[in-house]
Each structure stands twice: as C-alpha cells, then as structure tokens.
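Below is a set of questions on how labels follow from their cut-offs. Each answer sets a value against a definition.

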Amino acid sequence: MWRTGSDAEDTMTSAARTCCQLILTRMRGQLLASLRGPETRATTAPVPPNAEFLGIRLTLGTVLRPHPATSIVDGFVSFPVTDSGRIVIGGEAWEAPTYDNVEQFVRRLRDAGLLVRSRLRVEEHMAGHPEGRPSTRTLQRQYRAITGLSQTAVAQIDRVNAAATMLCDGLDWRTVVETLGYFDQAHLAHALRRYVGHTARGLQAGDDATMSFLYKISPWPGS
C-alpha cells in the first residue's frame, strides 16, 4: 500500500511494473477509483493539482474479479462511485478505504471472492497433475493468462526495478551491472530508458522525484 499527494498540476513518469494496482484519487471533494494493469514500458502520466492518492499494489498473480490482468495490460478500468462515495466492485458498493483501514478493505474483498491469487509455481501445478509435467509451452500460456505478461517480461521488469532502486540508493552502475547480470553499461542504460524512463545518472542524482514508486525485489530472482 502507498499514498501520496500533489500540490500543483504536473506530470510524472510511470515505471513499468508487473502487478495490478487499485488506485483511489480524491480531489475537490470527488472520489475516483480505478484498477491499473501491468505496465510494459515507462510512460508519462498527468498529475492533477491538490489531489490525494491511495494505492493498493496486488501481488503478481492476484486478480480483482472480474478484471483479469490480461484485459488491462498497459491500461486501466474505472469503477463507478455512488453519490455516497462508495465504490462499486463486482456489483456491490463498498465503503471507500482510508490508509488506516485499507487492510480490512482488502480482506473484505478477498472474503467476498473478488480478490483471488492464482498459482504460478510449476511445483504447485505439477502436484495437481500426477500424470506428469505439463509442456513448457502450456506453462507459458498459463502464466501469461494469469499475469498478462510472459515470464521473460516479468523477469526483465523486476530486474530493472531492482536496478533503479540500487541506483537511487547511491550504488554505481558497475555494481548494478555485476549484481543483476546486465551485459554492460549500455545494456543497463537501454533497460532503464525503456522500463523506468530515467538514466542511471538521473536516478543517482535524485531526479526520480516525479516518478512512480519502485517496488523492491530483494533478492532479485535472477541473481
């Protein structure tokens, strides 16, 4: 979960990410609610003035029914809001959460069967298939059907988020390249431009003030 606010109208860089996010925006007495899907590249997004944002980041493989990740990759779906300020999800009007009670809100969605986490691990899948391991292609199709992304895309996005976090923490590009397995500085620079929208030098200098929150991968699965 995260929250932030804005004073003046601005823009921000939205970094690529593998998970869906439920985002609530409050501005001028109005409530907006939307579910953002996985993002496969860095984009620029407008930031309205005098707004408050509350975000719920879903774990990889978690679905808010009836909106699978595959239907909102690089996009979003808006939820209706009643005159009383309740959010309509799954045909039911829910009290809009605050930062202090958002965990209870998530639990209520889960208990209602609207928030569901799918299995992604091959071992768990095989346990239900005693006749043998499914083909690699079958597993890849199932993975994409659940997450909206290929396993390769997930690994690349997770790795570049880890790289950007390390650079923001003050580590030099050589350390990042060696730790995360990039070929060289050019390989890292290309990934940062495509997925994060910032350069290594900019991240080290603190130019990330107007970008979306990075999610830390520790340790990165590919390292």
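**Labels and their criteria**

Q: Why does the span of helix α3 (residues 136-147) agree with what it should be?
A: The expected span is 1.5 Å times one less than the number of residues, so the twelve residues of α3 should span 16 Å, and the end C-alpha atoms are 16 Å apart. Helices are DSSP runs of H or I with at least four residues, numbered from the N terminus.

This is a predicted model, in which local features need pLDDT of at least 70 and side-chain atom pairs count only at pLDDT 80 or more, while totals for chains, interfaces and linings use all residues. Residues are numbered from 1 along each chain as its sequence is written, and side-chain values use heavy atoms, without hydrogens and water.

Q: Why is cysteine 19 called buried, and why is cysteine 168 called partly exposed?
A: Buried means under 20% relative accessible area, exposed over 50%, and partly exposed in between (1.4 Å probe, protein chains only). Cysteine 19 has 6% and so counts as buried; cysteine 168 has 28% and so counts as partly exposed.

Q: What makes arginine 159 count as a charge over the ring of tyrosine 182?
A: The rule asks for NZ of Lys or CZ of Arg within 6 Å of the ring centre and within 35 degrees of the ring normal. The charged end of arginine 159 sits over the ring of tyrosine 182, 4.1 Å from its centre.

Key: Helix = DSSP H or I, 4+ residues; strand = E, 2+ residues; numbered from the N terminus.
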